[in-house]
Amino acid sequence: MQIPYTVENHPETGVYNAKLGVWLFLASEVMLFGALFSSYILLRTNAAHWPHGVEEGLNIPLAATNTMVLIGSSVTMVMAWAAARLHDLKKFRLYMGTTFLCGLAFLGIKYIEYSDKFHHGHFPSKSTFLAIYFTLTGLHGLHVIGGMIVNGYLWGPGVKLFHRDPARFANRVEVAGLYWHFVDLVWIFLFPVLYLL
Amino acid sequence: MSGHSVEDIKRETRVYVLVFVALAALTLVTVAVSYLHLAAMPALAVALLIAITKGTLVACYFMHLISEKRLIYAVLILTVVFFAVLMSLPVSGHLGSTATGHTI
């Protein structure tokens, strides 16, 4: 059975089905992270003392580097989508591969940060700050891993669709990109909230 | 932003590069401001203002919300409303706790 509206827009919604589906999913993601941000505000405003991230061993230069890495991955992701629409498989693979590697670099830097904290006994159980820090960054890290699985699939076996139906493939890249940019967007807020304020 | 011709797409990619430069610059600014050790409220205002600007750039250009269909905007407006409710809950909770003297 043919899946309807994978390329052409649905006459009633004005968009192809996957795009609407991903936006609805992202709306639920906003609620997920929103609940945690809300918890963060509640914990912080009611705490007698709330430490600056640096006091709890957070590394601003490493986190700033990670911000740059994730922003860079967002631009390569959108370039991969542009390349897919231009039917340029070589450039698509270059940009999507770079996006994947940026995701890997982000997790590598996060691993260094986590290892350093654990080494110094900064576990989630140590303080409320560290508990919410690990919850927020851990959940975000899981989202990065999820995005990398999708991006890796599109770079590798998923590219078969490019030869069969390039327009549908470009749409898949677009919706994967929407998710990836959302992950970037969440980090844009996590970085100042946890590290700088 | 949502053209389909080769020229349209190439024009879009130039915009993406400009947005990337703006995002990178804003990241440097937000880090630099944090080293100024401003008072709590100005620091919060500056950091959130920069984060909101960066988030808007990502949403408008990378997620191409600048030229999206009406239904997507409707979904997002609903999301923003519920998000605002979520963010207002701790404020009311904080006021309540102040009144009763409870803290976490």
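Modeller: Chain A has six helices and zero strands, where helices (H or I, at least four residues) and strands (E, at least two) are DSSP runs numbered from the N terminus. This is a predicted model, in which local features need pLDDT of at least 70 and side-chain atom pairs count only at pLDDT 80 or more, while totals for chains, interfaces and linings use all residues. Residues are numbered from 1 along each chain as its sequence is written, chains are lettered from A and ligands numbered from 1 in the order in which they are written, and side-chain values use heavy atoms, with hydrogens and water left out.

Biologist: What percentage of the residues of chain A count as buried?

Modeller: The C-alpha atoms of chain A fill a box of roughly 60 × 35 × 25 Å along the principal axes. Buried means under 20% relative accessible area, exposed over 50%, and partly exposed in between (1.4 Å probe, protein chains only). Of the 197 residues of chain A, the buried share is 56%.

Biologist: Is A:Lys117 buried or exposed?

Modeller: A:Lys117 lies in helix α3 (residues 89-119) of chain A. Leaving aside residues up to four places away in sequence, A:Lys117 touches A:Gly57, A:Leu58, A:His122, A:Tyr133 and A:Phe134, contact meaning heavy atoms within 4.5 Å. Because its relative accessibility is 1%, A:Lys117 counts as buried.

Biologist: Which three residues supply 15% of the area that chain A buries against chain B?

Modeller: The contact takes 49 residues from chain A and 47 residues from chain B. About 4,200 Å² is buried between the two chains, with 81% from carbon and sulfur atoms; buried area is the accessible area (1.4 Å probe) that two parts lose on being put together, summed over both. The three residues that supply 15% of chain A's part, more than any other three, are A:Trp23, A:Asn46 and A:Arg85.

Biologist: Which residue of chain B forms a salt bridge with A:Arg85?

Modeller: A salt bridge is a side-chain nitrogen of Lys or Arg within 4 Å of a carboxyl oxygen of Asp or Glu. Across the interface of chain A and chain B, the rule finds two salt bridges. In one of them, with the closest N and O atoms 2.6 Å apart, the partner of A:Arg85 is B:Glu12.

Biologist: Which helix gives the most to the side of chain A that touches chain B?

Modeller: On that side, α1 (17-46), α2 (60-85) and α6 (166-196) of chain A each supply at least two residues. With 17 residues, the helix that gives the most is α1(A).
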